[in-house]
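Work through the following exercises with the sequence and the model side by side, and try each task before reading its solution.

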Amino acid sequence: MGKTTEMTNQELRDLLHQHELRVTFTKANGEQRVMPCTLRAELLPPAPVAESRRKENTDPNLFKVFCTDRREWRSFRFERVISAEIVS
């Protein structure tokens, strides 16, 4: 997919809902991380009842995604994304 300067926040969000991506970003501590992640419904774990009642994220630059290699929910900020590639 290439640099995020070539895609918008919404385009990245749409890709995450359609595919598993390999997102490279800079963590808050300055380290670079490569994370396979998705928002595809069929790849997500079932949400516990308490989880479904959580307050909705209102920050459009904060991406809460399911990390497919660690099988956990993770987050990153759009402005820290270096690249995103479609895995599947």
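A salt bridge is a side-chain nitrogen of Lys or Arg within 4 Å of a carboxyl oxygen of Asp or Glu. This is a predicted model, in which local features need pLDDT of at least 70 and side-chain atom pairs count only at pLDDT 80 or more, while totals for chains, interfaces and linings use all residues. Residues are numbered from 1 along each chain as its sequence is written, and side-chain values use heavy atoms, with hydrogens and water left out.

**Exercise 1.** Find which residue forms a salt bridge with Asp59, and which network the pair belongs to.

*Solution.* Begin at Asp59, whose salt bridge partner is Arg77, with the closest N and O atoms 2.9 Å apart. This pair links distant parts of the chain, since Asp59 lies in the loop between helix 2 (49–52) and strand 3 whereas Arg77 lies in strand 4 (residues 72–77), 18 residues apart; helices (H or I, at least four residues) and strands (E, at least two) are DSSP runs, numbered from the N terminus. Next, Arg77 also forms a salt bridge with Glu79, where the closest N and O atoms are 2.6 Å apart. Through these shared partners, Asp59, Arg77 and Glu79 are joined into one network.
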